[in-house]
Amino acid sequence: MNFNYIKSLVLILAISITACSSDDDNNSLSGENKLRVEFDNGVNGDDLLLGAATYTNTNGETLTINRFNYIVSNFVLIDAEGNEFTYPKDDSYFVISEENELTEVVLENIPAGKYVALKFGVGVDQEKYQQGAEGQGNFLQIAEDNEMMWSWQAGYKFLNFEGTFTSETVTEPTVFQIHMGSHGSSLDNYREVTLQLPTQALVSDNLSPVVHMAIDANQVLDGQHKIKLSEKAVIMIDEVKSPQISENVNGMFRVDHVHNGDNIQH
Amino acid sequence: MNDLQNIRNILVLLLGIFGGTFLRAESLIDSTKVFSDFNFETSNEDSEYNKNLKTTTEFFEFDDCDVCGCGSSGGSMGYGTIGNGDFVGLRYITQQYQSRDGIYNNSPWIDENFNTMQAWARIPISQKIKLNVIVPYHFHNRQFADGTSQKINGLGDISILGFYRLISPKLDGFLPEQQTKFKHNLEVGVGVKLPTGEYDRANNEGSVNPSFQVGTGSWDVLLASNYSVSHKNWGLGLLANYTIKTENDQKYHFGNQFNYGVNVFRTFNTMNAKTFTPVSISPVLGVSGEVFGENESYGLAVKDTKGNVLFSRIGVESTYGKIAGGVNVMLPVSQDLNGGAVEAKFRLGIHLNFVL
């Protein structure tokens, strides 16, 4: 008798647990829409709070970050079939600035598709720079407004990273300034990043996704190359350290998640 | 603020009713054990009374799969619990969650309060078939770090289930050989959850709790099973149920949900000596858990939406004649909800039923 009860119970549990899976097929997507890329700046797993928080990196240096600006450019979207959509080059330069709350890139008129990867450059490529001051369009002004220019001759700052730090040897809070860029056409620090999206970004007439990126400012000094501020706290034109910082900066981007939907507001 | 006042009013009302019941129960003359309830234990002396009592007090429990009509706010709280066979009544449930507004370790936490007032009933169709209906009304709110708040309220998702009793406890006779030591009860149910609650996709955006909704917007299938065994005044209940959720018309698909629970209870019986109204009090202890599958949006998995939570549960149920009520508190023991971005804090359920 008891055994029968147990058998029935097990049976019912088994039926209960059996899930039904659905494999919904997205109907073919058509039209075009916006795709937003959100640059959510953080440091070492925490949200970046300029001037407010301090943190210690693996170089044993304790930083307070007061400025974190960088240039992103030349966006390319790659779909599931490997097709690349290159965003119009003239419109493809953006400043991300934590202090000025420029943290979103809106790409307009993206053709419908299921995008699996995002490619962009950090900084301004030589081709664009060679177009001269007139060839930069509005972007020159935007870069100047956000402290991203040395001078036209010296070129753009691709990264403007500033604050104060202390270390074992530097006990008083000391200003650091990391300005990385290509220096004229002699030192090219422009580099491209390709990021896989953890979820496809769906674009169509009624689908406008948000790609939410997490950027780790800690990587600037504490990435694949370890840059000690106690050795040099102001790095602008440095044939050794600038390219290293450029490589570090390439490692600071990660796509955290993708919101699909109409995403009128994020 | 209004919500808080509502909650307080409801609490005061229910406490008043039950407080009164308990006070009256205290003044009763407990003439040995006047009756022994739940048709579980029957001694010869008691059986006369028992025959007069309609045996309405079978162990019954079904998890309310979707207390708030959405992911992790579902409840393994149970539908009523011990004690009430067929009933109509009201249940108030409050649930507190915290969810992280952002993707970083220091991102602010949002306090979320899910409140539900539901009308519920278990209606006998036949001796073995019962119909369960739940009509919830939700009033949820959450406070953001910047001091702003959001409220949603409205009719939730109505659930209708049919239960079939596979194993009925045997009624004891007068003779010792006609009495069984353990009474088993097993019922299985199948039902549907209707998309009567409004689903708003905008509440799913951002990194906050995707379950801040009054409905899933979907037609869902409910499968349920309850088993209980009792010995004398002690009882043990097991429950397991599964909700198969479907994609709603906004292309959002909440993950399937599995609920389970184990409860132990003991019933103390007495009777109002003047009116012969039976009175019982049953403390309940147990654990219950919920396992959530991953949500999908446009057929694509949504990051950090699956999870599980295990609650401890302590409660007390009481009947006074045809009136039955109870209070249950659930506290999380362990949890891993939404990749750590959602934390269940507390659940409280209070019900007041009229036994049919």
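In chain B of this predicted model, 65% of the contacts between residues at least 6 apart in sequence join residues at least 24 apart. For chain A, residues 24 or more positions apart account for 77% of the contacts with a separation of 6 or more. Chain B contains two helices and 17 strands, and buried residues make up 50% of its 356 residues. Chain A, with 266 residues, has 37% of them counted as buried, and its secondary structure comes to five helices and 16 strands.

Confidence should be kept in view while reading the rest. The model scores ipTM 0.80 and pTM 0.78, and chain B averages a pLDDT of 78, with 75% of the residues scoring at least 70. Among the elements of chain B, strand E16 (residues 323-337) has the highest mean pLDDT, 93, whereas helix H2 (residues 47-52) has the lowest, 38. Over residues 1-5 of chain B the pLDDT is below 50, and this stretch has three contacts in the model beyond near neighbours in sequence. Residues 7-75 of chain B also stay under 50 in pLDDT, although the model has 172 contacts for them beyond four places in sequence.

The largest nonpolar core is made of 59 residues, and those with the most contacts inside it are Ile71(A), Leu159(A) and Val220(A). Strand E4 of chain A, which spans residues 62-79, gives the most to this core, contributing eight residues. Leu159(A), leaving out residues up to four places away in sequence, touches Tyr70(A), Ile178(A), Met180(A), Val220(A), Ile245(A) and Val249(A). A second, separate core has twelve residues, among them Val188(B), Leu222(B), Leu239(B) and Ile244(B).

Turning to chain B, strand E10 (residues 257-266) is mostly covered, since seven of its ten residues are buried. Ten bridges join E8(B) to E10(B), and these two strands run antiparallel; in this pairing Trp234(B) has Arg266(B) in E10(B) as its bridge partner. E10(B) is also joined by nine bridges to strand E12 (residues 277-292) of chain B, again running antiparallel, and here the bridge partner of Asn263(B) in E12(B) is Gly286(B). In general, strands of a sheet pair through backbone hydrogen bonds, either parallel or antiparallel.

The loop between strand E7 (220-231) and strand E8 (234-244) of chain B holds Lys232(B). Lys232(B) has 15 C-beta neighbours inside 10 Å and so counts as partly exposed. From C-alpha to C-alpha, Lys232(B) and Pro283(B) are 15 Å apart in space, while in sequence they are 51 residues apart.

Another lysine, Lys322(B), lies in the loop between strand E15 (307-320) and E16 of chain B. Lys322(B) counts as partly exposed because it has 14 C-beta neighbours inside 10 Å. Leaving aside neighbours within four places in sequence, Lys322(B) is in contact with Phe354(B) and Val355(B). Lys322(B) and Val342(B), which are 20 residues apart in sequence, are 40 Å apart in space, C-alpha to C-alpha.

A further sheet in chain B is open and consists of three strands in the order E9-E13-E14, with antiparallel pairing. Strand E9 (252-253) and strand E14 (300-301) of chain B stand at its edges, each with a single partner strand, so one side of each is left without a neighbour in the sheet. Strand E13 (residues 296-297) of chain B pairs with E14(B) over two bridges in the antiparallel sense, and the bridge partner of Ser297(B) in E14(B) is Leu300(B).

Conventions:
Residues are numbered from 1 along each chain as its sequence is written. Chains are lettered from A and ligands numbered from 1 in the order in which they are written. This is a predicted model: local features need pLDDT of at least 70, side-chain atom pairs count only at pLDDT 80 or more; totals for chains, interfaces and linings use all residues. Helices (H or I, at least four residues) and strands (E, at least two) are DSSP runs, numbered from the N terminus. A residue is buried if 20 or more other C-beta atoms lie within 10 Å of its own, exposed if 12 or fewer, and partly exposed in between; C-beta atoms are placed from the backbone. Two residues are in contact if their C-beta atoms, placed from the backbone, lie within 7 Å. A nonpolar core is a set of buried Ala, Val, Leu, Ile, Met, Phe, Trp, Tyr and Cys residues joined through C-beta atoms within 7 Å. Two strands pair if DSSP finds at least two bridges between them. pLDDT is the predictor's confidence in each residue, from 0 to 100.
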